[in-house]
Amino acid sequence: MNTAPLTGRKRNWSPMVIGALAAAAVLLAAGVLMAVYQEQLYSAQQAKSIREQAQILAASVTAAVVFNDQKASQEYVDALRVNPELQAAAVYGGGGRLIAGFARATRLPSTMKEARAATGIGYIDIAVPVSQNGAQVGIVLLRALTEPEERRIARYVGVILLLTMGALVIAVLSFSQAALSRRAQELSRLNARLYEEMEERRKTEEALRQSHKMEAVGQLSGGIAHDFNNLIMIVKGNLRLLRRKLGTQAENSPAGTYIESADEALDRAAHLTQRILAFSRRQPLTPQRVNLSTLAQGLTELIRHSVGEKVEITMRLNGTWSTLCDVNQMENVILNLAINARDAMPEGGRLVLETRDVTLKQPPAEMENENFVPGDYAALAVIDTGSGMPEEIRRRAVDPFFTTKPQGKGTGLGLSMTFGFVRQSGGYLAIESKVGRGTTVTMLMPRDREGP
Amino acid sequence: MTRGGLLLAVLLGLLPGSLNAAPSLEYAVKAAYLPKFIPFITWPDAAFAGAGAPFTICALGEDRFAGKLDLAAAGLRAGDHAVEVRHLAASDSSAGCQLIFLPAGGDPASIREILDAMRGKPIVTVTDSGLSAHGVISFVIENNHVRFDIDDALAAEDGLAISSKLLGLAHAVRMRSQP
């Protein structure tokens with residue numbers, strides 16, 4: 001059993017992990033967006049607040065600016081000291097000169113021009129004109145510290161931590177979930193493969209057993225048939241001698257009839273032994289190069305006669321490759337298969353004779369043979385639309401003397417003989433069948449390389 | 001107004017606290033102040049002869065400002081009214097004046113008389129520093145700086161409204177009685 005290492009496997013991201021990661025990313029993005037938005041809102045609010053204070057100062061300090069009253073201006077400006085955000089506040093007169101102001105940790109620009117030039121990082125300057133009847137009489141300048149980076153970060157650090165934790169929890173959970181489900185999938189896959197392999201093994205064992213059985217039966221029956229054949233030949237020879245001895249005396253006497261009957265019985269016995277020998281692959285064969293399509297074509301009429309009018313015959317002869325086999329035996333086999341097909345279709349049906357050129361790397365599924373040789377094969381299939389057979393019968397179909405026909409109708413040697421012949425010729429036999437749908441018997445004969 | 005402010009700022013900025021040494025500077029400041037009072041005071045409509053009538057600043061007696069008042073008020077507007085300066089002799093009528101400056105140095109009795117005559121009229125009386133009688137606004141000198149007191153009660157009597165901004169700048173204020 002080959003177990004692929006888990007680490008070497010391509011990591012497959014389950015939709016759940018992707019979803020969880022996306023959720024975490026969205027959460028983080030939302031957090032960042034929220035923080036940025038809050039930040040901008042805060043800045044805008046700060047600027048707005050400072051501007052409002054500047055506007056209030058500008059409105060109240062008008063008279064003091066107009067009359068250049070430094071003391072009064074200073075009083076107005078000093079009122080803003082309570083705001084710790086304000087780094088500096090100043091009131092400039094119409095000429096841009098400083099009238100009053102205060103500054104914390106920074107130097108107060110002595111003129112408006114200087115103030116404008118001094119804008120920098122870390123603070124914002126808000127300037128609001130002091131106007132009277134639409135005319136500008138001065139300028140109020142407020143300088144506010146923008147919040148330092150560290151404080152801003154500190155403000156968001158809690159939120160960031162929470163978001164990160166949330167995202168982490170989601171990520172970890174989904175990862176572990178994915179790992180679990182991956183392991184479960186792996187397990188069930190391995191389990192399925194185990195079952196598959198067990199089943200395969202069972203099938204192989206069965207095929208092997210079947211093959212051994214056939215081999216044993218073949219050897220046994222072949223041995224018997226061989227000896228039997230010799231015995232028959234002796235009896236037949238002696239019968240011939242007896243007939244010669246009787247001469248004309250035998251012509252019109254009961255003795256002649258007895259000899260005739262015995263001879264006929266011996267012929268039948270010889271025929272039987274021939275078939276057994278065929279199954280046990282011990283029959284003498286005279287292989288010739290033959291094209292199965294041509295062969296089948298030549299048999300069309302004979303088949304038509306054999307199967308009767310109820311069965312419609314279709315020839316699909318697409319095979320071009322030749323094979324080496326005993327032509328007579330092959331004709332027998334084809335006829336046999338056609339008759340089997342006819343018997344499977346007592347109410348009539350369709351018989352298809354098909355030849356094909358096939359190149360096989362592994363045996364067809366239905367074929368139980370462990371020593372298949374990959375290569376080119378000339379295939380001949382006999383297909384019927386008959387009653388078909390269940391799996392357990394299909395598996396025993398080539399067993400010698402196994403038949404489903406009523407006693408006396410079949411010998412149980414037809415398919416056995418076919419099987420023996422095909423195997424003896426270096427080919428394979430495959431039987432597919434479905435109850436109620438029909439049966440397909442396919443012979444795979446090795447391609448004769450010398451031929452076309 | 002802007003030009004006046006500029007002038008004032010320059011004057012005060014360059015020569016701080018030396019009014020005694022140059023009396024002309026004292027009057028220059030006062031000349032700059034007089035038009036500046038206008039935006040902070042609201043006159044009733046009845047104070048003007050008509051919509052197009054000018055806003056008249058009247059200066060009684062000899063011209064103490066040596067032309068600086070005319071300069072400070074030149075081109076100014078008070079709302080819809082163009083601001084103009086009129087120099088009055090003692091005998092001249094104060095009709096058409098919205099703001100009248102009563103300089104020191106004259107007869108105190110006649111000043112008091114004029115002030116009494118102005119009572120109840122929508123005219124802002126501005127009395128010079130050193131006078132014992134006081135109008136709505138009276139200049140005072142404090143620490144060599146020109147400042148002013150405001151008699152808001154008197155202004156109320158005259159139907160005038162003075163902005164709290166101006167009141168806030170005043171050296172002293174006599175509050176009007178609360179309604």
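Two strands pair if DSSP finds at least two bridges between them. Helices (H or I, at least four residues) and strands (E, at least two) are themselves DSSP runs, numbered from the N terminus.

This is a predicted model, in which local features need pLDDT of at least 70 and side-chain atom pairs count only at pLDDT 80 or more, while totals for chains, interfaces and linings use all residues. Residues are numbered from 1 along each chain as its sequence is written, and chains are lettered from A and ligands numbered from 1 in the order in which they are written.

Please select residues 428-434 of chain A, which are strand β10, together with residues 438-446, which are strand β11. Seven bridges hold these two strands in an antiparallel pairing. Within the pair, A:A430 lies opposite A:T442 of β11(A). Three residues separate the strands of this hairpin, and in the turn A:G436 has a positive phi of about 85 degrees.

**Second stop: helix α10 in chain A**

Next, select residues 414-424 of chain A, helix α10. A residue is buried if 20 or more other C-beta atoms lie within 10 Å of its own, exposed if 12 or fewer, and partly exposed in between, with C-beta atoms placed from the backbone. Ten of the eleven residues of α10(A) are buried, so the helix is largely enclosed by the rest of the structure. Among them are A:G414, A:L415, A:T418, A:V422 and A:Q424. After the helix comes A:G426, with a positive phi near 85 degrees.

Two packed helices are described by the angle between their axes and the distance between the axes. Axes are lines fitted to C-alpha atoms, for helices over the stretch in contact, and angles run from 0 to 180 degrees between N-to-C directions.

Which residues make the contact? On α6(A) they are A:R275, A:A278 and A:F279, and on α10(A) they are A:S416, A:M417, A:F419, A:G420 and A:F421. Two residues are in contact if their C-beta atoms, placed from the backbone, lie within 7 Å. By class, this contact has five nonpolar, two polar and one charged residues. Here Ala, Val, Leu, Ile, Met, Phe, Trp, Tyr, Cys and Pro count as nonpolar, Asp, Glu, Lys and Arg as charged, and the others, Gly among them, as polar.

Four strands of chain A form an open antiparallel sheet in the order β2-β1-β4-β3. Its edge strands are β2 (98-103) and β3 (123-132), each of which pairs on one side only. Neighbouring strands are turned by 10 degrees against each other on average, direction ignored.

Begin with strand β1, residues 86-92, which five bridges join to β2(A); A:A88 stands opposite A:A103 there. On its pairing with β4(A), β1(A) has six bridges, and A:Y92 has A:I139 as its bridge partner. Strand β4, residues 135-145, has eight buried residues out of eleven, so it is largely enclosed by the rest of the structure. Ten bridges join β3(A) to β4(A), including the one between A:A127 and A:L141. The hairpin of these two strands has two residues between them, and A:N133 takes a positive phi near 50 degrees.

Finally, select helix α3, residues 70-78 of chain A, which lies across β1 and β2 and runs at about 30 degrees to β2(A).

Eight strands of chain B form an open sheet of mixed pairing, in the order β3-β4-β2-β5-β6-β7-β8-β10. The edge strands are β3 (77-78) and β10 (172-174). Select β2 (residues 55-60) and β4 (residues 81-88), which run parallel and are joined by six bridges; B:A59 has B:H87 as its bridge partner.

Lastly, colour chain B by pLDDT, the predictor's confidence in each residue, from 0 to 100. The mean for chain B is 81. Over residues 1-21 of chain B, pLDDT stays under 50. Where pLDDT is low, the predicted coordinates should not be read in detail.
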